[in-house]
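Here is a walk through one structure, piece by piece. Keep the sequence and the model open while you read.

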Amino acid sequence: MSIEIDGGRIEVAGIPVEIVRKEIKNLHVGVYPPSGRVRVAVPLLLDDEAVRLAIVSRFGWIRRKQAEFQQQERQSQREFVTGESHYFEGRRYRLDVIERDARAAVKPRNNTILELGVRPNTDRKAREAVLHRWYRRHLRNQLPPLIGKWESKLGVTVEDARIKKMKTLWGSCNVEAKRIWLNLELAKKPKSCLVYILVHEMVHLHERQHNDRFHELMDKFLPQWRSYRDELNRAPLAHEEWRY
């Protein structure tokens, strides 16, 4: 069983940093939405001074990422009522909630309206669940051909691909199990964003770390990945109570 220890917080050059110690070989610095919080995953025996040096060496990158999050559009809490804006495949839709005595369903209309059909008196939480199930089905249907295409290109095998709502990650990869997790929010983003995250996680089957070799592989297999990443970073963030 892997070990994970809450290592507390330090401050480096005015930046609060959360430290989590794990059974890993290399230190990893992450900057997370919506406010650009900094979290560092640290090998168990590495001391705080090494963490400080790592933050200082990445100071410019951290500040750039924080600035990107501050500039990124955010949605307010959604109530799932008629007239609200919701996103699907990068396009903005106006929600039209239709109460009817029939099975709940979601249907895009004319590239401008997202029809949400529910039974009378369906509450907010249930309306949200209907829409999220629809997003999940949409993503699930896209994955087999995409994974097959990129398995062939990358020369790797994905044993399992799953979808869930994630607070701080767009995707993750369990290299040993060859399992990839994708954030449900990707259903709202342009398809290029889904491709970028999927390829990113599949490249981890060749290289675990975000090092020079990883970036070389991304450049080789998906030369436009930086523009896809920037597109994802520009897309509106959903309202979330973001926690680590």
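Contact here means heavy atoms within 4.5 Å. Leaving aside its neighbours within four places in sequence, Pro120 is in contact with Glu99, Arg100 and Asp101. This is a predicted model. Pro120 has its place in the loop between E8 and H3. Ala102 is 18 residues away from Pro120 along the chain, and the two C-alpha atoms are separated by 9.5 Å.

E7 pairs with strand E8 (residues 113-118) in the antiparallel sense, over 5 bridges.

E5 and strand E6 (residues 91-99) pair in the antiparallel sense over 4 bridges. Tyr87 stands opposite Arg92 in E6. The hairpin of E5 and E6 has 2 residues between the strands, and in this hairpin Glu89 takes a positive phi near 50°. Which residues of E5 are buried on its two faces? Ser85 and Tyr87 are buried on one side, His86 and Phe88 on the other, and both faces of E5 are covered.

Phe88 leads on to the aromatic residues. The model has 4 aromatic pairs. Phe88 and Tyr93 form one that is tilted, with 6.3 Å centre to centre and 55° between the planes. The relative accessible area of Phe88 is 8%, so Phe88 is buried. Tyr93 has 5% relative accessibility and therefore counts as buried.

Phe88 lies in strand E5 (residues 85-88) and Trp134 in helix H3, so the pair ties together parts that are 46 residues apart in sequence. Both Phe88 and Trp134 are buried. Phe88, Tyr93, Trp134 and Tyr135 form one aromatic cluster.

H3 (residues 124-154) lies across E9 and E11 and runs at about 155° to E9. The sheet is open and has 3 strands in the order E9-E11-E10, with mixed pairing. Strands E9 (160-164) and E10 (171-174) stand at the edges, each with a single partner strand, so one side of each is left without a neighbour in the sheet. On average, neighbouring strands of this sheet are turned by 20° against each other, direction ignored.

How many bridges join E10 and E11? The pairing of E10 with strand E11 (residues 179-183) is antiparallel and runs over 4 bridges. Cys173 stands opposite Ile180 in E11. Helix H4 (residues 191-203) packs on the sheet and touches E10 and E11. The direction of H4 makes about 155° with that of E11.

Two lysines sit over rings. Lys164 lies over the face of Trp181, at 4.4 Å from the ring centre. The charged end of Lys153 sits over the ring of Trp150, 5.5 Å from its centre.

Finish with helix H1 (residues 48-57). Its buried residues are Val51, Ala54 and Ile55. Why do these residues share a side of H1? They cover an arc of only 100° around the axis, which puts them on the same side of H1. An α-helix has 3.6 residues a turn, so residues three or four places apart point the same way. The face of H1 turned away from its buried side carries the exposed residues Leu53, Val56 and Ser57.

Note on methods: Residues are numbered from 1 along each chain as its sequence is written. This is a predicted model: local features need pLDDT of at least 70, side-chain atom pairs count only at pLDDT 80 or more; totals for chains, interfaces and linings use all residues. Side-chain values use heavy atoms; hydrogens and water are left out. Two strands pair if DSSP finds at least two bridges between them. Axes are lines fitted to C-alpha atoms, for helices over the stretch in contact, and angles run from 0 to 180 degrees between N-to-C directions. Rings of Phe, Tyr and Trp (its six-membered ring) pair if their centres lie within 6.5 Å; planes under 30 degrees apart count as stacked, over 60 as edge-to-face and the rest as tilted. Buried means under 20% relative accessible area, exposed over 50%, partly exposed in between (1.4 Å probe, protein chains only). A charge sits over a ring if NZ of Lys or CZ of Arg is within 6 Å of the ring centre and within 35 degrees of the ring normal. The arc is that of the directions from the helix axis to the C-beta atoms.
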